[in-house]
Structure formats: C-alpha cells, structure tokens
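Below are some notes on the model you sent. They are set out as numbered points.

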Amino acid sequence: MIRAGTAHRTPVHPVKLFPDTPPPGPFRRSFWRSPLRGPSLTAVLGLLLLVFLPVVMVTGFLSHAAYEPDLGRNAIVRPDIDLVPFDWPTWTYLYAVTQGLHVVGGIVLVPLLLAKLWSVIPRLFAWPPWSSPAQALERLTLLGLVGGAGFQFATGIVNAQLYYPFTFNFVVAHYYGAWVFTAAFLAHVVVKLPVALRARKVRDEVLDHVLVAPEPAKPTLSRRGFFGVVGLSSGALAVTWAGQSVGGPLRQLAVLGTRGGGQSFPVNKTAAAARVTQAMVGSAWRLRVGDRSYSRADLLAMPQHRATLPIACVEGWSTTQDWEGVRLRDLAPDDAFGTMTAVSLQPRGVLRQASLTRGQALDGDALLALKVNGEDLSMDHGFPARIIVPGLPGVHCTKWVGELVFA
Ligand SMILES: Nc1nc2c(c(=O)[nH]1)N[C@H]1C(S)=C(S)[C@@H](COP(=O)(O)O)O[C@H]1N2
Ligand SMILES: [Mo]
C-alpha cells in the first residue's frame with residue numbers, strides 16, 4: 001500500500017489491473033456457501049468425466065470418418081485437410097453402435113457435466129480475474145472448455161431432436177467445435193489430472209482452497225445424496241433416450257427420442273418435405289446408370305437380394321428392417337470404378353446425393369432396395385428405390401434414387 005505523502009517513492013509493484021478487494025457478489029469467496037464444494041468433489045466428478053467424455057469424443061470423430069469426408073460429394077470440410085481418412089467398414093451395426101454411443105452418451109453425461117460446472121463455479125469468478133499472462137492464457141483455455149462443451153452439447157442435442165434446424169451448417173460447426181473442445185480438454189487434463197489425483201487424498205475441511213466455502217451454509221444434501229441426484233438424472237435420461245438406438249422393448253420408453261412416421265418406423269424427411277411428387281416416381285420413372293435405364297419392372301426382374309439391416313441416423317436413432325432389392329454390384333456396368341454416387345430425384349438439399357467407396361458399393365448386402373418388410377417402399381421411405389448399405393450412416397442411404405454414377 002502506498003500511503004498519501006509517500007507518493008514520491010518509486011513504487012515496487014507494477015500498476016495493478018484489479019483492486020485487491022473483489023467487488024461484492026460472486027467474486028467474493030463468502031458468496032459461495034455450499035458445504036459440498038471442495039477439491040475432492042471436483043476431483044471425483046472430473047475423473048468420472050475423464051473416463052466417459054472420451055467415449056463421446058471418439059465416437060464423434062468416428063462419425064466424421066463414417067461420412068467419408070474425402071469423397072467429393074460428401075465433403076463436409078475441405079477434403080485436403082481431412083484428418084481421419086480411412087474406409088468406413090460395412091459391419092452391419094457399426095454406425096448404429098458408434099453413433100448410439102455418441103448421442104445417448106452425450107445426453108447421459110449432461111447431469112455429470114452440469115454437476116462438474118457447479119462444483120467449480122467459484123473458480124470461474126476467481127479474483128483477480130488474472131494476475132499474469134500465463135494465468136490469462138489458462139483462463140482462455142477454460143473458455144474453450146466451458147464454451148466448447150456448451151456449444152457441442154447444445155447443438156448436438158438440438159440436432160438430435162430436430163432435423164437440422166440451424167441456419168448455419170451444423171455438421172461443419174459441430175466438427176470444428178469438436179477440435180476446439182478437444183484441444184481445451186486435453187490441455188485441461190494435462191494441467192488438472194495431477195491436482196485431481198492429489199485432491200482425492202486430502203480432506204477438504206483442512207484446506208484454505210478457493211472451492212471450500214469459508215462460511216459454509218447448513219448442508220441440504222449429503223455428498224452421497226448429490227451423487228444420487230446426478231446418477232438418477234443420468235439414468236432417467238438413459239431410459240428415455242437409449243431405446244431409440246437400442247430398440248426392442250426399450251423403444252417404448254424412449255419418449256424423449258423416437259421419431260414417428262409411416263410404415264411403422266421413423267422417417268427422416270418425408271417425400272413432401274423433400275419435394276418429391278407422385279408424378280416423379282410414377283410409371284415414367286427410370287433409374288439411369290451411365291447410358292442404361294431401368295424401369296421398376298426391369299429392376300424387379302433382376303435377381304433380388306434380401307438383407308436385414310439398420311438405418312442408423314446421425315441423430316442417434318436406429319431401426320432394423322428387412323430390405324429387398326438389387327445388389328449395387330449387379331448394377332455396376334463394370335468393375336472399374338472408384339466411387340458410386342447415388343443421386344436422388346429430390347431437387348434440392350445436401351442429402352440429395354451421397355457417395356460410397358468402391359468397397360462399400362461392392363458389399364454383398366449393399367442394396368438398391370425396392371421393398372421393405374415384404375411390401376413396396378412407401379413414398380416417405382424412398383419409393384421407388386433407395387440405397388441401404390450395412391454399417392453406414394443413414395445420410396448415405398439416399399431415398400428416391402434417380403441415378404447411379406459409377407466413377
Ligand atoms: N434423398 C434423401 N435421402 C435421404 C435423406 C434425405 O433427406 N433425402 N435423409 C437421409 C437420412 S439423414 C436418414 S437417417 C435416412 C432415413 O431413412 P428413413 O426416412 O427411411 O427412415 O434417409 C436418408 N436418405
Ligand atoms: Mo439421418
């Protein structure tokens with residue numbers, strides 16, 4: 001402190017950005033009064049997230065890989081900066097499992113994430129906000145962590161409930177958001193893991209720690225009760241969401257997730273919404289493949305193949321049905337192709353066409369489906385013909401196909 005009358009002395013400290021005393025309110029430690037907060041609660045929550053968050057993160061990047069972003073027509077980011085370029089295998093339930101884990105996992109983690117955020121809230125109001133450039137940088141990674149998590153969870157959950165309701169490109173934004181969050185998450189783990197491991201051995205009460213309330217209020221909940229609330233919330237979310245990915249009797253319980261629709265399984269984008277009309281799919285409809293053209297009767301006269309396969313949507317739901325139609329490899333003019341692009345009659349929209357790798361198109365169960373569960377496809381499920389391939393994301397199962405391009 002420099003007292004009046006001593007101003008002629010050279011100050012020892014550089015000019016302070018912030019006064020010593022925090023402003024009243026959340027910046028004062030005494031504002032935070034829960035007796036539950038402390039480094040060990042935060043450590044347990046952090047370690048739980050360290051185990052479960054990577055499941056959601058890794059399956060998210062796998063979803064990006066499944067999109068085959070290096071295939072021209074699927075490119076969601078510049079193909080030359082694609083960071084996960086490999087051929088997504090056609091293992092029947094692969095995408096249903098990875099994306100089910102991604103979406104259900106993300107939803108189930110929300111209570112744990114909120115609990116973690118609640119446990120460290122006094123730190124977000126630390127005073128002074130920063131005292132050195134290094135500390136300012138550390139707080140910036142916190143912004144990436146909290147902001148990144150908020151953005152990823154909010155956009156992901158909204159997208160899983162509604163069909164791409166955003167004015168921005170969700171896929172691209174969620175992908176770049178994932179890199180921001182992952183970088184901040186890794187930095188946070190490197191800095192905090194040793195702290196968390198140490199904190200579990202020390203009793204909070206003996207610490208003068210920013211997370212320990214200096215004037216604790218009476219407890220309203222024991223720590224066990226706190227974990228009970230978090231666990232029950234996660235469990236309730238799991239029960240009301242997971243059924244749409246897992247299926248079976250659980251599907252009835254998935255009140256927060258399942259899509260309704262015709263032919264008794266979910267529809268993503270109806271024919272009407274895609275602006276596909278009866279006239280476009282009537283008797284004049286032909287499938288074009290190079291210079292050849294097939295009527296529906298021509299296709300039904302070819303060898304028919306049946307396969308029980310899931311539609312596994314990026315939104316996390318999946319549904320397994322019995323499909324019947326012509327193998328894609330029977331429609332290829334020759335063996336010399338690298339990719340196959342299905343083009344829909346749908347006039348507009350990113351999903352009007354999608355590309356498969358050669359390996360995916362050659363799979364014995366990769367079909368141009370004409371029927372499902374023994375009946376002609378309904379309009380909403382892609383009549384007169386749609387793609388269905390084992391293991392791929394639903395976005396690659398193009399409906400109302402008008403042309404196949406083997407390139
Ligand atoms: N032409 C076209 N095909 C499409 C779509 C679309 O919007 N347009 N949506 C895709 C998506 S995201 C999914 S999950 C599946 C859903 O198929 P279903 O409506 O038969 O269940 O169709 C795919 N095929
Ligand atoms: Mo989808």
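1. Is helix 2 mostly covered or mostly uncovered? The model is a predicted one, and in it helix 2 is mostly covered, with eleven of its 15 residues buried. The buried residues of helix 2 are Leu94, Tyr95, Ala96, Thr98, Gln99, Gly100, His102, Val103, Val104, Gly106 and Ile107.

2. On its geometry: helix 2 takes in residues 94-108. From the first C-alpha to the last, helix 2 reaches 21 Å, which is close to the 21 Å expected at 1.5 Å a residue.

3. Ligand 1 has 19 residues around it, of which Pro266, Gln346, His381, Arg386 and Lys399 come nearest. Sorted by class, this shell has ten nonpolar, six polar and three charged residues.

4. Polar contacts to ligand 1 involve both backbone and side-chain atoms. A polar backbone atom of Pro266 is 2.6 Å from an oxygen atom of ligand 1. For Asn268, a backbone N or O atom lies 2.8 Å from an oxygen atom of the ligand. In Arg386 the contact is made by the side chain: one of its N or O atoms is 2.5 Å from an oxygen atom of ligand 1. On its own, ligand 1 has 530 Å² of accessible area, and the protein covers 100% of it.

5. Turning to the aromatic residues, the structure holds 16 aromatic pairs. One of them joins Phe18 and Trp127, edge-to-face, at 5.5 Å centre to centre and with 70° between the planes. Phe18 is in the segment before helix 1 (39-66), while Trp127 is in the loop between helix 3 (110-124) and helix 4 (133-161), so this pair ties together parts that are 109 residues apart in sequence.

6. Trp127 also pairs with Phe27, again edge-to-face, with 5.2 Å from centre to centre and 75° between the planes. Phe27 lies in the segment before helix 1 and Trp127 in the loop between helix 3 and helix 4, so parts 100 residues apart in sequence are tied together by this pair.

7. How exposed is Trp127? Its relative accessible area is 24%, and therefore Trp127 counts as partly exposed, since buried means under 20% and exposed over 50%. Phe27 is also classed as partly exposed, because its relative accessibility is 28%.

8. Which residues make up the aromatic cluster that includes Trp127? Phe18, Phe27, Phe31, Trp32, Phe125, Trp127 and Trp130 form one cluster.

How values were computed
Residues are numbered from 1 along each chain as its sequence is written. Chains are lettered from A and ligands numbered from 1 in the order in which they are written. This is a predicted model: local features need pLDDT of at least 70, side-chain atom pairs count only at pLDDT 80 or more; totals for chains, interfaces and linings use all residues. Side-chain values use heavy atoms; hydrogens and water are left out. A residue is near a molecule or strand if one of its heavy atoms lies within 4 Å of it. A polar contact is a pair of N or O atoms within 3.5 Å; within protein, one must be able to donate a hydrogen and the other to accept it, and residues adjacent in sequence count only if both atoms are side-chain atoms. Accessible areas come from the Shrake-Rupley method with a 1.4 Å probe; for residues, only the protein chains shown count as cover. Ala, Val, Leu, Ile, Met, Phe, Trp, Tyr, Cys and Pro count as nonpolar, Asp, Glu, Lys and Arg as charged, and the others, Gly among them, as polar. Helices (H or I, at least four residues) and strands (E, at least two) are DSSP runs, numbered from the N terminus. The expected span of a helix is 1.5 Å times one less than its number of residues. Buried means under 20% relative accessible area, exposed over 50%, partly exposed in between (1.4 Å probe, protein chains only). Rings of Phe, Tyr and Trp (its six-membered ring) pair if their centres lie within 6.5 Å; planes under 30 degrees apart count as stacked, over 60 as edge-to-face and the rest as tilted.
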